Structures are given as structure tokens and as C-alpha cells.
Amino acid sequence: MITFINVLFQITKISNATLKKFGVRLFKPTKSLVFPWFSGPDSSLKGVKLLSAQNTGTEKVKYNEATVPKCSSYYNLFGLPLVGRMDSEVVLTGHELDTLAVSQATGLPSVALPRGVSCLPPILLPYLEQFKRVTLWLGGSIRSWEASKIFSRKLGLRRCSLVRPGEHRPCPVEALAQGKNLSRIIKASIPAAHKSIVSFKQLREDVYGELVNTEQVAGVKWTRFPELNRILKGHRKGELTIFTGPTGSGKTTFISELALDLCMQGVNTLWGSFEINNVRLAKIMLTQFAMQRLEENLEQYDFWADKFEELPLFFMTFHGQQNIKTVLDTMQHAVYLYDINHVVIDNLQFMMGQENLSVDKFAVQDHIIGAFRKFATNTSCHITLIIHPRKEEDDRELQTASIFGSAKASQEADNVLILQEKKLVTCPGRRSLQVTKNRFDGDVGIFPLDFIKSSLTFSALVKGKHKLRKVPTKPENEEVEGNEAAAKKDEVKKEKAEKANKTKTPRVKNPATGK
């Protein structure tokens, strides 16, 4: 049975004794590994995690997880009951299998985070207070490396060291399978604390990592907007995106689907909706999530609501004008508590309000944009800021200069997105998304969008589906008269050409002069 488990989950180097030591069992009906959650003074069973393996046809296997209780209430630091009270060092991993590998290969105390690299719940921090040295080895991807740097701030930079992902430093279970020395990798981990001034020697590994993992560096890819992936390459942490569009064009509806797409892929999202209330916004996002009108299918509401509830999605309770310091404090608290990666502010004008008319509103807006820019950089959190445009004529397309306020918004932004709308055209495809700034690699472009009213979703138009254009048509009698007039003009031209040929005299060469 153990041999079957090892082959199925590709953990052939993990021994039966290690599985037994951590209390790992096999659930035969679903062929799943069961990881127990023991907690409390009596170490009673609080829950379990079921891990199943799916063959992808490649060397790597795909793991699927299910927890009891549900994920939002599952706070199991797997391996914690085996840690002694006198232990001063621990290795923090992003997966239960990695903890098994570290414990077997090094003998060091090791625990696994319950939600991997997506979140480090503050409720778990007291359990890690006893350790003077915490080594974070969360995996072998760029995403795990970014999470390591974020989590080390919560745990305290001075006591944390990080294992940098690389070709020779994969995740622990893969390193064990490849016969690498895990103790040596842990000893070579780098301190999380850094100085204000560094040389290229400290940046060398980071630069090499970005060159090797270009796809991962580009960020999280959208599944509903492949054309946006082609231009922006992905959604990256620490950036500021400015989004604008005409009034009534569907800015909130589009951004809600854009953020929902990322949230469904595990990007922890915080919404600050200052224009519409949270109930209405949640209704829009639930409709986009279910891809149907739930008003007509109320019997399916509980099914979709249960699934929607599992998303790492949170809402600020603000509405209308708010002080920027209050908003930033709330965002900072959410980043600490829920490890937020994406904040959406809808929209800047509603948040600013119109009370302080004596103050220069452009100066206030510049201050707010600068504060958001600084927050995104310091917290490695992506901020999407919706700003209304200036008043433009209906037949003119918006440009970067159309963003309300001074040029600071477009200067501070890493990305500028414009939802264009041609109001004179009523056929599908009248809306399009234009990227006018892309600081990552400079690519810009525009692609059409098709609004599906039944599901409140936007999707890129299928290739080959062109926008219909109006062609002016003439009545039949006008076409006949036009043809007759053209024929008469041709006859007149021919007559003039014949007369010109008759009047021309032939040129004779004078034998005397030779001219």
C-alpha cells in the first residue's frame, strides 16, 4: 500500500516511518492522503486535509486539496505537535509533503502552512514566537519567493532567512527526490533583512532568477482575457494601474470581472467601492462568477454562493467620501491580516468628495495618487485605481491625457488602461480595451470587447469576427442616372481626343539646319 502511495504521489524517497510519524493515512475510496490537524491542550483532532494526485502526462503530478472544515476555517500548522518546547529553529514550508521531506532529510523541526503561499493567517503567529530562527522554504517558483519576503515581514525580518528558488534549489520534496543535500540548502539560505544600499552582488541572483523564469516574473495570467495577456503579459505585484473610461461605459462591471478572474486563481483581493454599495457589487460579481442570471435560477443560488464564499475576496465598508489616511490604514491592516495582493479603488473622485472646495483639488488628487504609489511599492501589493476622465466630445476617443487631474496619475502609473466606447455604433464590439502604458515591457495595443448582458461579462471577440461598418447605399434610380452620366463623360473625352489628333501638324526635319 505504501509503495502504491509513493508512486502515485511521486514521493518514493519518503519512507513509511516518516508517514507514520506524522500520522499520514490513506483514504482508499478517493485514493487520497489524509493529513490530520491536531490542536489544543489534549492534541485532539480538529480537522483533516485530503490530498489527491492527478496525472498530467508530464514528469510532475498535479495535487488537488480539500479540507474539513472548509478552507477559511482551516488553521493547521502541519507538524506542530512534533515540535518540542525547547526547539529554537524551524523550517516553514508551503506544503505538507515538503515538511515530510525536510523532517526526514535534516531532522529539523518543520511545519507547513495551511494555505500554502497564498496566506499566513495572523492567528498562527503565536505558535511561531518561540523560534529564534525561522527558515522559509515555500517552494521553487517566483510566486513562492515573493510570498517568502512578505511573510518574513510578519514574522520579523531579523530572525528569518529565505531559501531562494533556483535550478539547484527546488521545493524540498523535489530536492529529496533528486538526491540533493537539504541541510546544505537550508544553511545557505539568505537573511531576510536588507540594507538601504546594495551592490550588484546582492542583486545578481535576483536578476538571474528573473531571466530564467520570464513567464513567472510576468505575473498571474488572466483566463478570461487572453488578449490582455498578450499586451500586459500578466498581473504583477507592487504595480499601480490607472483605469478610465466614459461615464456609463461599464468601468465597474469590467474591473469587477478582471479582478474576479485573478481572485479565482488565488490572488487575495480587497475591494474599495466608494460609488456603489457592496451588496450591489457582490451581486454583479456573483453573476459573473456563475455566468448566468441567478434571478431566473434561484434554486442554484446556494450552490454558487457557497463556491463564491470560498474565494479570497474582501470588501471595505466605506461609501462616499473618505479620508485617505483612514483608507490606507484599512488597506495596511488587510494586507497584514489577509495577505492582500490586489486592491481595487472605485473610484478616486467619489473617495475625494467635494467638501473642501477651498483646497486645490488637483493637489489633493496628486497627494492621494502618490500615497497609493508608495503603498503599492512598500507592500508589494497591486493597486487598481479607477479615475473618471475629463469631459470630452462624444465622437472623440479617450487618451492618456484625458485622465482627470494633472499628469501625475499617468506618470506614477505602471499601466494605463482605457475602456473605449463608440456610442454611434450599436452592434456588438462597440467597446474596446486600450493599453496606453505598460512599464513592464513597453507593449501597448487595443482589442475589442463583447458585452454579454445575461452574465454581465466582457470577453474578447473571436478572431475573424469583424465589426460591422455602415456602408452608404443609393436608390436604384440614382445608380442608373450615375451610370448614364459616367458614359456621357467617357464619350465627350473620346471626341476631344480625336479633335486634338486632327489639329496636330506633323513635325518635319529641315535638311539645311538639321532641326
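In what order do the four strands of the open sheet lie? The order is E1-E2-E3-E4, in a predicted model where local features need pLDDT of at least 70, side-chain atom pairs count only at pLDDT 80 or more, and totals for chains, interfaces and linings use all residues. Residues are numbered from 1 along each chain as its sequence is written, and side-chain values use heavy atoms, with hydrogens and water left out.

**View 1. The open sheet has antiparallel pairing.** Strands (E, at least two residues) and helices (H or I, at least four) are DSSP runs numbered from the N terminus. Two strands pair if DSSP finds at least two bridges between them. Strand E1 (25-27) and strand E4 (61-68) are the edge strands, each pairing on one side only. On average, neighbouring strands are turned by 35° against each other, direction ignored; axes are lines fitted to C-alpha atoms, for helices over the stretch in contact, and angles run from 0 to 180 degrees between N-to-C directions.

**View 2. Strand E3 (residues 44-55) pairs with E4 over eight bridges.** The pairing is antiparallel. Leu-50 has Ala-66 in E4 as its bridge partner.

**View 3. Helix H3 (residues 96-106) packs on the sheet.** Helix H3 touches strand E2 (32-39), E3 and E4, where contact means heavy atoms within 4.5 Å. The direction of H3 makes about 80° with that of E2.

**View 4. Val-173 lies in helix H5 (residues 172-177).** Val-173 has a relative accessible area of 15% and is therefore buried (under 20%; exposed is over 50%, partly exposed in between; 1.4 Å probe, protein chains only). Leaving aside neighbours within four places in sequence, Val-173 contacts Ile-11, Ile-14, Leu-97, Asp-98 and Ala-101.
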